[in-house]
Amino acid sequence: MCYDIYDEGQKVPRNLHCGHTYCEECLINSIKNKGRLECPICRLRHESWVKPSELTKNYVALEFSLKQRELLQKH
């Protein structure tokens, strides 16, 4: 699990079925490491057919991150 700021590239925030949000890249790495998609917080195991790129985007988290990045660049 990373602590990078979400973006529109590989760090797209995705909503898991349990309600938690993680970047697409971390979810892909979770599948590579564990062989399945599992929430890093609650450990809910998702069905094998669930692909990170097909999960819904968390647009609120994305917008917040883009504004945060913009503020950090100004200072």
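The model is predicted, so local features need pLDDT of at least 70 and side-chain atom pairs count only at pLDDT 80 or more, while totals for chains, interfaces and linings use all residues. Residues are numbered from 1 along each chain as its sequence is written, and side-chain values use heavy atoms, with hydrogens and water left out.

**Arg14**

Let's start with Arg14, which sits in strand β1, residues 13-15. Strands here are DSSP runs of E with at least two residues, helices are runs of H or I with at least four, and both are numbered from the N terminus. Arg14 has 8% relative accessibility and so counts as buried. For that label, buried is under 20% relative accessible area, exposed is over 50%, and partly exposed is in between, using a 1.4 Å probe and protein chains only.

**Salt bridges**

A salt bridge is a side-chain nitrogen of Lys or Arg within 4 Å of a carboxyl oxygen of Asp or Glu. By this rule the model has 9 salt bridges, and three of them are set out here.

| Pair | N to O distance |
|---|---|
| Glu38 and Lys34 | 3.1 Å |
| Arg36 and Glu38 | 3.0 Å |
| Lys74 and Glu70 | 3.8 Å |

Glu38 takes part in a bridge with Lys34 and in another with Arg36. Glu38 is buried at 6% relative accessibility, whereas Lys34 is partly exposed at 37% and Arg36 is partly exposed at 29%.

The pair Lys74 and Glu70 lies in helix α2 (residues 59-74), with the two residues 4 apart, about one turn of the helix. Lys74 is exposed, with a relative accessible area of 62%, and Glu70 is partly exposed at 45%. Elsewhere, salt bridges that share partners link Lys34, Arg36, Glu38, Arg43 and Arg45 into one network.

**His46**

His46 is in the loop between α1 (24-34) and α2. Is His46 buried or exposed? With 9% relative accessibility, His46 counts as buried. The side chain of His46 comes to 3.3 Å from the backbone nitrogen of His17. Beyond its neighbours within four places in sequence, His46 is in contact with Leu16, His17, Cys18, Leu37 and Cys39. Gly19 is 27 residues from His46 along the chain, and their C-alpha atoms are separated by 12 Å.

**Cysteines**

A disulfide is a covalent bond between the sulfur atoms of two cysteines. The test used here asks for a pair of cysteine sulfur atoms within 2.5 Å, and a search of the whole structure finds 0 disulfides. Cys23 is buried, with a relative accessible area of 3%, and Cys26 is buried at 15%.

Terms used:
Contact means heavy atoms within 4.5 Å. A polar contact is a pair of N or O atoms within 3.5 Å; within protein, one must be able to donate a hydrogen and the other to accept it, and residues adjacent in sequence count only if both atoms are side-chain atoms.
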